[in-house]
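Here is a short briefing on one protein model. Look through the structure first, then follow the points below.

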Amino acid sequence: MLHLTNIYNFFFRNSDSEDCLIIMAHATIYVGCIAPQLLRGAQSRIFPSHSPLGVLRHSAFCYCTGNGTIKSKRKMDHLERTANNFRQEVITQAKVCGITDESETVKRLCLAIANKDFTFKAGQWVDFFIPGVSVVGGFSICSSPGLLEREGILELAVKHSVHPPAHWIHTECTLDSEVALRVGGDFFFDPQPGDSPVNLVLIAGGVGINPLFSILLHIADLHGYQEGKGNRPKLGTAKLYYSAKNTSELLFKKNILGLMKAFPGKITCCFHVTQQRSQICKELQPHITEGRISEKDLEKHISNDTSWYICGPPPMIESISKLLTNIGVPRNRVFFEKWW
């Protein structure tokens with residue numbers, strides 16, 4: 001049987017669907033049957049009908065084999081891909097308080113969080129629950145923990161796609177839309193006051209900039225705190241390498257330039273473009289390199305106190321990881337987040 005304490009981890013497709021139930025991280029599976037009325041009662045108590053999560057409804061049950069294998073007709077989704085990652089237990093309601101176009105294909109979503117206990121670490125992502133949408137999204141947070149602490153705000157930058165959560169954000173989401181969030185992920189930067197300072201090299205491809213921008217903003221916050229307060233983590237330098245097809249697809253570029261000006265020598269960036277067709281604006285020109293991120297770019301940063309954070313498409317992750325191995329970077333100093 002399924003432990004009642006883990007029932008909250010189960011979310012179901014619409015009742016007229018033949019898809020199997022979605023299994024979230026930390027759910028405990030046992031061989032056996034679960035009475036539909038038991039699950040209905042548990043769901044109604046945990047997710048009231050008036051909450052964003054209360055609209056999720058039941059579908060046909062999947063079944064467990066003797067060894068606990070889950071049978072499903074669906075392709076692997078965000079919840080399954082990240083089933084072994086850390087997740088908080090708290091699921092928090094949020095309200096959309098801002099929507100802007102970060103680029104022609106990416107919308108930046110500003111979410112107001114009322115729950116004061118909601119926290120995250122720079123680099124983590126959220127499970128994104130949308131009323132009426134059976135598929136759960138997974139989006140990296142692009143704002144800093146400090147913004148949440150100061151203003152109760154969290155930001156996401158989501159690229160348009162046919163994936164239901166992303167499609168909803170681009171076509172149906174409006175101001176005051178309500179959603180629910182749960183923080184997860186093992187990819188983060190969270191230095192503590194007693195830690196030795198480390199230099200960071202952040203390597204981003206496309207929308208993989210999201211968690212690395214969160215880390216960059218967190219570093220800026222910590223530098224700001226150090227100027228006014230005592231017991232804060234000691235920080236090294238942060239160098240961002242950010243690659244995209246062209247400058248119009250470089251997200252947060254103005255914000256990144258602003259961070260470089262605010263913290264000269266502490267935060268630096270090199271933008272790479274691989275298919276630039278138009279003229280590059282004067283403000284960006286000093287920081288632009290045409291072509292992919294290379295071994296020559298990265299080898300200058302090798303040291304015993306440097307950590308490497310990579311986020312982007314899987315082929316880019318694999319290419320950069322191999323490159324770092326070839327130039328002698330220890331594997332335990334390389335951290336990456338893949339988005340499929």
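Two strands count as paired if DSSP finds at least two bridges between them. With that rule, six strands form an open sheet in the order 6-5-8-3-4-7, and the pairing is antiparallel. The model is a predicted one. Its protein chain has eight helices and 14 strands. Of its 340 residues, 52% count as buried.

**The antiparallel sheet**

- Strand 6 and strand 7 stand at the edges of the sheet. Each has a single partner strand, so one side of each is left without a neighbour in the sheet.
- Neighbouring strands here are turned by 40 degrees against each other on average, direction ignored.
- Strand 4 (residues 106-113) and strand 7 run antiparallel and are joined by seven bridges. One example is Lys107, whose bridge partner in strand 7 is Val158.
- Strand 7 is mostly covered, with six of its seven residues buried.
- Strand 5 (residues 125-129) and strand 8 also run antiparallel, and five bridges join them. Asp127 has Arg182 as its bridge partner in strand 8.
- Helix 4 lies across strand 4, strand 5, strand 6, strand 7 and strand 8. The helix runs at about 105 degrees to strand 7.

- Another set of six strands forms an open sheet in the order 12-11-10-9-13-14, with parallel pairing.
- Which strands stand at its edges? They are strand 12 (288-290) and strand 14 (334-338). Each has a single partner strand, so one side of each lacks a neighbour in the sheet.
- In this sheet, neighbouring strands are turned by 15 degrees against each other on average, direction ignored.
- Strand 9 and strand 13 run parallel, joined by six bridges. Asn199 stands opposite Thr306 in strand 13.
- Helix 8 (residues 314-326) packs on the sheet and touches strand 9, strand 13 and strand 14. Its direction makes about 155 degrees with that of strand 13.
- Helix 6 lies across strand 10 and strand 11, at about 145 degrees to strand 11.

**The nonpolar cores**

- In soluble globular proteins, nonpolar side chains tend to be buried together.
- The largest nonpolar core here has 40 residues. Among those with the most contacts inside it are Ile209, Leu212, Tyr242 and Phe271.
- Six elements each supply at least two residues of this core: strand 9 (199-205), helix 5 (209-228), strand 10 (238-244), helix 6 (253-262), strand 11 (267-273) and strand 13 (306-312).
- Which element gives the most to this core? Helix 5 does, with nine residues.
- Leaving out residues up to four places away in sequence, Tyr242 touches residues including Ala204, Ile209, Ile256, Phe271 and Ile293.

**The largest pocket**

- The largest pocket has a volume of about 1,100 Å³.
- How many residues line the largest pocket? The lining has 41 residues, and Gly205, Gly206, Val207, Gly208 and Pro313 lie nearest its centre.
- Elements giving two or more residues to this lining are helix 2 (78-81), strand 6 (137-140), strand 7 (153-159), helix 5, strand 10 and helix 8.

**Loops to look at**

- Most residues other than glycine have a negative phi, and most peptide bonds are trans.
- Asp176 is not a glycine, yet has a positive phi of about 75 degrees. Asp176 is found in the loop between helix 4 (164-171) and strand 8 (178-184).
- Is Asp176 buried or exposed? Its relative accessible area is 54%, so Asp176 is exposed; the cut-off for exposed is over 50%.
- Phe252 also has a positive phi, of about 60 degrees, although it is not a glycine. Phe252 lies in the loop between strand 10 and helix 6.
- Phe252 has 1% relative accessibility, so it counts as buried; the cut-off for buried is under 20%.
- Arg232 sits in the loop between helix 5 and strand 10. At 29% relative accessibility, Arg232 counts as partly exposed.
- Arg232 and Gly194 are 38 residues apart along the chain, and their C-alpha atoms are separated by 8.6 Å.

**Contacts across the chain**

- Consider the contacts in the protein chain with a separation of 6 or more: residues 24 or more positions apart account for 72% of them.

Technical notes: Residues numbered from 1 in each chain as written. Predicted model: local features only at pLDDT ≥ 70, side-chain atom pairs only at ≥ 80, totals over all residues. Heavy atoms only, no water. Core = buried A, V, L, I, M, F, W, Y, C linked by side-chain atoms within 4.5 Å. Buried < 20%, exposed > 50% of the residue type's maximum accessible area, 1.4 Å probe, protein only. Helix = DSSP H or I, 4+ residues; strand = E, 2+ residues; numbered from the N terminus. Contact = heavy atoms within 4.5 Å. Axes fitted to C-alpha atoms, helices over the stretch in contact; angles between N-to-C directions. 1 Å grid on protein atoms, 1.4 Å probe; cavity = no way out; pocket = protein on both sides within 12 Å on 5 of 7 lines; lining within 4 Å. Points joined across faces, edges and corners; volume = space filled by probe spheres on them.
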